[in-house]
Amino acid sequence: MYGALGGPRLLLRRLREVMAEPVSPQARLDKIVVHIAANMVAEVCSVYVLRADGRLELYATEGLNREAVHLTTMRASEGLVGLIAETAEPLALADAQAHPAFSYRPETGEEIYSSFLGVPILRGGNTLGVLDIQNRARRVYTEEEIEALQTTAMLLAEMIASGELQSLVEPGGADIAIRRALALKGVPLAEGVGLGHVVLHEPRIIIKQLVAEDAKQEMGRLDRAIAAMRESIDSLIERGNMGPGEHREVLETFRMVAHDRGWLRRLREAVNTGLTAEAAVERVQNDARAKLQRRTEPSMRERLHDLDDLANRLLHQLTGQSFVAAHDELPENAIIVARTMGPAALLEYDRSKLRGLVLEDAGGGSHVAIVARALGIPAAGDVANILDFVEPGDAIIVDGALGDVHVRPTPDVEHAYAEMARLRAKRQAQYRKLRDVPAVTKDGVAIDLHMNAGLLVDLHHVEETGAISVGLFRTELQFMLAARFPRMSEQEQLYRTALDLAPGKPITFRTLDIGSDKVLPYMTQLKEENPALGWRAIRIGLDRPALLRSQLRAMLRAGAGRELRIMFPMIASISEFESARAMVDLEIAHLLRHGREPPSDLKVGIMVEVPSLLFELGHICRRVDFLSVGSNDLMQYFYAADRENKRVFQRFDPLSPPFLAALKHIVDAARAASTPLTLCGEIGGKPLEALALLAIGYRGLSMSAAAIGPVKAMVLATDLRLARAFVANLIAETTSGPKLREGLRNFAEDQGIPI
């Protein structure tokens, strides 16, 4: 019956013509249901659209009472239509009224119809609505007819996702679900507020042809794309070229999914129904997402990610389109949205047009977060399922300080954030006025404010912030962003350029701090039970002396005739420092032997971030030229709490009395030995935490460029004698971090200290 009227190819061609007509959205939808009913030989065809309030609304019908359009609604679990929306599966019934889920709606006049066929309108696995047909006679719908209606529903999904039907919503009425305003919660990556429009880092493939002209040819295209995809995955594993987080076992699992017979069978079956290869991939993935999104097991979520990635790879193989957005076509006020992203990818975008970054999988310690902070781009991470909720061009707001993301914000929310951004810009202007004001407390204590960096672009901020030096330059970022291990000449050029960009401002270069979560894409990662406590940082350098000596030689050459500061990370014992220092001496001797000029003033120090060093401070202070506290790692080792694990790390407050006692112990030891001391962890860049650090004796803090203004404002408003006495009493009387934090906040407010 269905095939005699031309099949899906003719229907879709007619619907495409209707989609292009210059008519109103309602008229377009009314024409579409007429064409579907005629092609499917049905007396009724209806389209229900899911609203933001969770109800399904009748948007168009051919055969039912037209007056019921926009009046008939039901819950997304009510009646046959609600059942389809809830399960995201088709439903074909010869006697619909005998089904237990049947719900009679007298205003529609549907009591005269017996048979019913309905399919979900899906996009990205999310239900957007329901498309159904009905007949008076009892009719057994064929698999071909079910497939045809599903294919037609894919076209309707495009129309709903475009937002075209939103214009049909009455003032004060419920928005269409896919266009509703959403408030999503993530974790802060980089402070700031960004207002703009969504740009997908990996653009979705828009499928223009759903029905195949030649099924055999489409099957061949699908098979070739699958083979090419498998080959690329195999090559990735065999080369060992694994990016950050892409451990070998993850890729092996990914390869297994790519060879899954059930998945491949469903793809081929979809092509055999008459779909193009691209449409088959989208149909199968829509069905998979609809099912797996309703499962709660973490393993199912991981499998969904794998299937999403494979489907995306297949679509790009089939279409030849690029995996990432065209950087030269970036619109103004772009906010990049991605599942995950490496730091190099972020650096390729035009910063002048970039207003924010939202990631589904990324924590505050991730490499891309470090780069986002360096670039001053507001960013939020761990925003669950963000890619399921956005369309390119959607209005979006990212609050990097709280990790909040607002998709398609309401006018009042947008206005509030626009005002927040305006006030932030005003504050930044005020901070810039403090650039040349010495950081001295109200009672005359000078505080040294240094800047953290890792990219050459960071160094442009040294002058504009008034930082007295670069207290931490993360050299590993150059290695992480490179496609291969940088040659010594390339390293030397980077360090020389860095020194040139900050004339008269000392730079403290930290030697390579890799391992744990910092994986070089061209370096095979060892599988360790606990990589944060494993082979990393100085341990790699001492075990691979050629690597460390090459970097030291590059630094010493770049610093010829200039002041140079070198710092070793993760020193756990005096013997480790002595071994590293001996390499510096060897490289200086090498320079002199070859007639090269050494640095005019060389200082060698260490980061204090391993608790064992707290018990050797007296000895280590007599051997080093300076100390720098790495509070991020020191805190995770102090509390045995992985800072990338949100379940445990947020249990502990850096303002807890035990941790402050440990930090004060370092201050006292450094002062006793007259050893220069700074702190370069994140707490040094937060005004409230920095106030506590000053109160226990710290006089040098190193932080991001954006943090210097707020911290300097705090310093200028503080009477350190009062703060010192208050914090000492607070530590003595308080046992918990939150209570100490609350007490300190109250003190700051009483004293008029901006925090």
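The legends below describe close-up views of one predicted model.

**Conventions for every view.** Because the model is predicted, local features need pLDDT of at least 70, side-chain atom pairs count only at pLDDT 80 or more, and totals for chains, interfaces and linings use all residues. Residues are numbered from 1 along each chain as its sequence is written, and side-chain values use heavy atoms, with hydrogens and water left out.

**View 1. An open sheet of six strands, with antiparallel pairing.** The strand order is β3-β2-β1-β6-β5-β4. Strands (E, at least two residues) and helices (H or I, at least four) are DSSP runs, numbered from the N terminus. Two strands pair if DSSP finds at least two bridges between them. β3 (73-75) and β4 (91-93) stand at the edges with a single partner strand each, so one side of each has no neighbour in the sheet. From one strand to the next, the twist averages 20°. β4 joins β5 (residues 115-123) over three antiparallel bridges. Ala 92 has Leu 117 of β5 as its bridge partner.

**View 2. Helices α2 and α4 against the strands.** Contact means heavy atoms within 4.5 Å. Axes are lines fitted to C-alpha atoms, for helices over the stretch in contact; angles run from 0 to 180 degrees between N-to-C directions. Helix α2 (residues 25-39) lies across β1 (44-50), β2 (55-62) and β6, at about 70° to β2. Helix α4 (residues 143-161) packs on the sheet and touches β1, β4, β5 and β6. The direction of α4 makes about 45° with that of β5.

**View 3. Thr 151 in helix α4.** Is Thr 151 buried or exposed? Thr 151 is buried, at 4% relative accessibility. Buried means under 20% relative accessible area, exposed over 50%, and partly exposed in between (1.4 Å probe, protein chains only). Leaving out residues up to four places away in sequence, Thr 151 touches Leu 12, Leu 210, Val 211, Leu 275 and Arg 283.

**View 4. The largest cavity.** A cavity is a set of points, on a 1 Å grid over the protein atoms alone, where a 1.4 Å probe fits but cannot get out; lining residues have an atom within 4 Å of a point. Grid points are joined across faces, edges and corners, and a volume is the space filled by probe spheres set on the points. The structure holds five cavities of 30 Å³ or more. The largest contains about 160 Å³ of space. It has 15 lining residues, and Tyr 48, Leu 80, Val 81, Ser 103 and Glu 110 are the closest to its centre. α3 (79-87) and β6 (126-135) each supply at least two lining residues. α3 gives the most, with three.

**View 5. An open sheet of eight strands, with mixed pairing.** The order is β7-β14-β13-β9-β10-β11-β12-β8. The edge strands, β7 (182-185) and β8 (187-190), each pair on one side only. The twist averages 30° from one strand to the next. β11 (residues 354-359) and β12 (residues 379-381) pair in parallel over two bridges. Val 358 stands opposite Ala 380 in β12. Helix α13 (residues 411-433) lies across β9 (193-200), β13 (395-399) and β14 (404-407), at about 120° to β9.

**View 6. The largest nonpolar core, with 94 residues.** Such a core is a set of buried Ala, Val, Leu, Ile, Met, Phe, Trp, Tyr and Cys residues joined through side-chain atoms within 4.5 Å. Phe 568, Leu 663 and Tyr 698 have the most contacts inside the largest core. Helix α23 (residues 657-672) gives the most to this core, with eight residues. Apart from it lies another core, of 71 residues, including Leu 29 and Met 219.

Methods. On a 1 Å grid over the protein atoms alone, a cavity is a set of points where a 1.4 Å probe fits but cannot get out, and a pocket is an open set with protein on both sides within 12 Å along at least five of seven lines; lining residues have an atom within 4 Å of a point.
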